Amino acid sequence: MCGIVGYIGQKNCVPILIEGLKRLEYRGYDSAGLGVHTSNNIDVVKTKGKVATLEKAASEVKLKGKIGIGHTRWATHGEPNQVNAHPHSNDDFSISLIHNGIIENYAALKKGLIKKGYVFKSDTDSEVIVNLIDSFIKLNHTLFESVRSALNLVEGTYGIAVLYNKEPDKIIVARKGSPLVIGIGDGEHFIASDVNALITHTSQVVYLEDDEIAEIYADRFVARTITDEEAIKIVHEIDMSPEEITKGGYDHYMLKEIMEQPESIANSFRGRLLHEEGLVKLGGLVDIEDEFAESERIIITACGTSWHSGLVGEYMFEQFAEIPTEVDYASEFRYRNPIVRQTDSMLFISQSGETADTLAAMREAKRRGALCLGVCNVVGSSIARESHAGSYIHAGPEIGVASTKAFTSQLVVLALMSVFIGRKKHMSIIDGQKILKEMEKIPGKVEQILKLNDHIEAIAEKFVNANNFLYLGRGYNFPVALEGALKLKEISYIHAEGYPAAEMKHGPIALIDENMPVVFLAPQDSVYDKVISNIEEVKARKGKIIAVASENDDKIDSLVDYTIKIPETIRMLMPILNVIPLQLLAYHIAVKKGLDVDQPRNLAKSVTVE
């Protein structure tokens with residue numbers, strides 16, 4: 001989950017590397033470092049903390065050079081400190097290496113290297129790779145050969161970049177399980193673990209695939225596999241502007257991304273609605289639409305927020321596609337013996353398209369013969385490339401670690417998919433037209449909710465010192481309760497749980513007293529009266545109640561302490577609207593606690609390690 005950047009060309013690389021690291025800081029911000037070719041040396045500067053600290057340290061020593069690598073870390077092996085920060089070097093500092101991933105057999109490799117006389121300075125698994133490379137260089141191998149030989153001994157995942165002072169005209173990069181892209185410039189090349197770091201310098205990129213290694217020069221690059229076979233690479237054009245990854249005048253990326261949702265939701269269905277026929281056009285599914293519609297079962301696999309969107313998708317597919325649907329944690333899928341049949345379709349939901357557990361689950365499902373569909377935001381990501389088919393959510397770059405607009409865009413695409421299949425089966429044209437008409441109204445209704453920002457902020461003020469929260473919903477809104485609780489946990493560090501409202505009586509009601517805030521999702525739907533009964537039960541025990549309710553609901557005001565009234569829509573689209581107040585509530589509580597909402601502790605945006 002670390003961020004990797006690199007540059008080789010004629011410019012001073014340090015400002016370029018620092019800029020890239022700042023754009024990748026959402027991937028990790030425990031520590032950061034630079035390795036730069038200077039004359040015949042590789043100078044390394046490393047600091048604990050965020051990239052701004054590294055920038056200051058590099059400036060103080062006047063670090064400068066035309067070839068360099070940089071890294072921002074999310075700690076796995078070894079605590080966050082300067083010693084464990086990357087780059088890591090061999091004993092004579094002739095080799096410098098940065099690494100994203102986990103080396104599973106590092107302990108055995110380290111033991112063997114210690115027997116050969118190698119001394120380790122850090123607690124990381126990454127230092128094993130640099131010393132392995134050194135051991136092959138001592139056999140008079142080239143850097144490329146040494147890296148390739150070392151990686152053939154490594155088990156686990158990696159995205160690496162390596163410098164060697166005896167070969168100062170190149171950077172060696174390699175990938176297995178951790179994303180790496182090569183940016184192509186005019187007489188210069190860039191590397192990064194995410195295209196966000198490159199878009200101010202180039203729009204042309206090459207995606208490195210698993211088990212590939214590349215030798216990068218200022219004017220060219222050569223890619224091969226680690227088994228030394230030629231790797232043919234295709235240049236892709238990035239359709240993204242630098243403005244899309246700025247804060248746009250907002251205090252935080254998270255607030256900007258919440259406020260962008262009218263536009264991001266519209267982008268998710270733009271050009272996909274065929275109103276007259278009540279149909280949905282999903283170009284990424286055209287080649288497999290019959291196979292998808294004839295599935296005997298749908299399995300949705302994801303992690304975190306994407307898992308919550310999958311739970312909503314389960315309701316949608318079963319209601320409209322009439323296909324039995326299950327939702328599985330990607331992190332658990334491979335570690336049992338999942339029953340996957342060739343008549344199953346599996347959806348893999350990941351904002352980044354690089355989530356390690358989800359990608360691994362997809363590869364296992366492909367091996368077992370399922371139809372594998374990706375639902376991703378990042379164009380060209382691993383899941384998007386390796387799935388049989390799929391749909392992009394088109395939410396635009398999401399920088400804040402706590403996902404907001406990607407979640408609502410995922411819900412839109414899952415709704416589109418359910419109509420896509422439903423219309424091929426039993427859904428009438430009238431029902432199709434009704435859903436599409438309501439979907440087109442969603443961006444305007446989100447705009448109405450966002451105008452409640454000041455009201456929601458005032459409610460947040462009352463709960464800054466809360467230690468616990470309970471979120472309750474039923475039906476389509478149960479997953480929204482889970483997502484609201486997750487948002488609060490992620491950025492405010494307040495313990496929160498989401499539950500089906502009816503399950504409150506089976507345990508959580510024991511927690512309710514005058515100090516327990518309870519958030520109810522209470523739209524006027526088919527289970528409204530049931531939810532009102534649950535509210536009465538909390539009220540009887542003096543719990544503090546916040547209700548997200550329908551705008552015309554006057555009954556609920558006398559039963560709760562605070563209401564957030566939002567527009568109504570059809571049941572399948574309610575989660576898109578109901579989650580917006582919960583995002584804002586979590587955001588304002590965290591801000592009022594003085595916390596860093598964009599980079600919450602211990603978290604990273606793209607989880608590319610297990």
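A salt bridge is taken here as a side-chain nitrogen of Lys or Arg within 4 Å of a carboxyl oxygen of Asp or Glu. I note at the outset that the model is predicted.

**Entry 1: salt bridges**

I searched the whole structure with that criterion and found 33 salt bridges. As background, side chains of opposite charge can pair when their charged atoms come close.

I looked up Arg 23 and found that it forms a salt bridge with Glu 19, with the closest N and O atoms 3.5 Å apart. The two residues belong to helix H1 (residues 13-23), and because they are four residues apart there, about one helical turn separates them. I recorded Glu 19 as partly exposed, since its relative accessible area is 23%.

I turned next to Lys 233, which forms a salt bridge with Glu 212; the closest N and O atoms are 2.7 Å apart. Lys 233 lies in the loop between strand S13 (221-225) and S14, whereas Glu 212 is in strand S12 (residues 212-216), so the pair ties together parts that are 21 residues apart in sequence. I checked the exposure of Lys 233 and Glu 212, and both are buried.

I then examined Lys 487 and Glu 483, whose side chains meet in a salt bridge at 2.5 Å, N to O. Both residues lie in helix H16 (residues 478-492), four residues apart, or about one turn of the helix. Lys 487 and Glu 483 are both buried.

I also noted one network, in which salt bridges with shared partners join Arg 175, Asp 210, Glu 354, Arg 363 and Glu 386.

**Entry 2: a sheet**

I traced an open sheet of six strands in the order S5-S6-S7-S8-S12-S13, and its pairing is antiparallel. At its edges I found strand S5 (88-89) and S13, each of which pairs on one side only. In general, strands of a sheet pair through backbone hydrogen bonds, either parallel or antiparallel.

I located Val 173 opposite Ala 214 in S12.

**Entry 3: a charged patch**

Which residues gather in a patch of negative charge on the surface? I listed Glu 237, Asp 239, Glu 244 and Glu 263.

Of these I looked up Asp 239, which is found in the loop between strand S14 (236-237) and helix H6 (253-259). Is Asp 239 buried or exposed? I recorded Asp 239 as exposed, because its relative accessible area is 78% and the cut-off for exposed is over 50%.

Notes
Residues numbered from 1 in each chain as written. Predicted model: local features only at pLDDT ≥ 70, side-chain atom pairs only at ≥ 80, totals over all residues. Heavy atoms only, no water. Patch = residues over 30% accessible without salt bridge, like charges linked within 9 Å, V, L, I, M, F, W, Y side chains within 5 Å. Areas by Shrake-Rupley, 256 points an atom, 1.4 Å probe, with all protein chains shown as cover. Lys, Arg positive; Asp, Glu negative; His and termini not counted. Charge placed at Lys NZ, Arg CZ, Asp CG, Glu CD. Buried < 20%, exposed > 50% of the residue type's maximum accessible area, 1.4 Å probe, protein only. Pairing = 2+ DSSP bridges.
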